[in-house]
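Biologist: I'm new to this one, so please show it to me and we'll start with some side chains.

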Amino acid sequence: MAAYRHVSGKDHVLELMVDLVYGEVDIPGDATWRETMRALATDIRALVLKHPWLTRLSAAQAAYELTPNRMALAERALAAVRRPDLDADTTMSVFRTVAAYVHGATSAEIGLRQLMQERNWTSGAETRTGLSAQMTWLLGTGRYPAFERYTREGARKDDLQWQFETGLEQILDGIAARLDRRSTPAS
């Protein structure tokens, strides 16, 4: 309760906590837009995995809790993406697209960790075994052939970092292709 003498309430404490942990992220200042966005994404993922309570923020808090450290990260990312041929709305869209990917991927990863913890599963193999009855039933319907192929052939089911980085590269490739089209003069 002594902390409440210095802050206005629970929301203010949460705001200070968010600002403090986002201060742990350090984005390079002299990198390309892509290097900056990759560093932002991988560092925020690491931050959320270290502080999983961040995934329990409300949607409004997760997206719009404005603190000095979060604004500084956004500023560095936006400055890295900024180009003469790119309007401010598109620049923000690039930043928000990467941020949304990071939020979604890390929330799913934290959710998997929580499920494993709740059910006392210690590995991906144990998790698949624990879910096998439901998965067998679902795949037995014949309605999910693409997913069935993944269950049989997927080699990186437990490599969450690889999955994250591969998805991130796909997003950055798409953004790069779109930015390149914008800067290529029409013939």
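Biologist: Leaving aside neighbours within four places in sequence, what is Val 98 in contact with?
Modeller: Val 98 is in contact (heavy atoms within 4.5 Å) with Met 37, Ala 41, Leu 168, Ile 171, Leu 172 and Ile 175. Keep in mind it's a predicted model: local features need pLDDT of at least 70, side-chain atom pairs 80 or more, while totals for chains, interfaces and linings use all residues. Numbering starts from 1 along each chain as written, and side-chain values use heavy atoms, leaving out hydrogens and water.

Biologist: How many residues are in the largest nonpolar core?
Modeller: It has 34, and Val 98 is among those with the most contacts inside it, as are Trp 33 and Met 37. Such a core joins buried Ala, Val, Leu, Ile, Met, Phe, Trp, Tyr and Cys through side-chain atoms within 4.5 Å; buried is under 20% relative accessible area, with a 1.4 Å probe and protein chains only.

Biologist: Which element gives the most to it?
Modeller: α2, with eight residues. Helices here are DSSP runs (H or I, at least four residues), numbered from the N terminus.

Biologist: How do α2 and α5 sit, parallel or antiparallel?
Modeller: Their axes, lines fitted to C-alpha atoms over the stretch in contact, with angles from 0 to 180 degrees between N-to-C directions, come within 10 Å and cross at roughly 30°. So they're roughly parallel, which takes an angle under 35 degrees. Met 37 and Ala 41 are among the α2 residues there, and Val 98 is one of those in α5.

Biologist: New topic: is Gly 124 buried or exposed?
Modeller: Gly 124 is buried, at 17% relative accessible area. Beyond its neighbours within four places in sequence, Gly 124 is in contact with Met 116 and Asp 158.

Terms used: Buried < 20%, exposed > 50% of the residue type's maximum accessible area, 1.4 Å probe, protein only. Helix = DSSP H or I, 4+ residues; strand = E, 2+ residues; numbered from the N terminus. Parallel < 35°, antiparallel > 145°, perpendicular 65-115°, else oblique.
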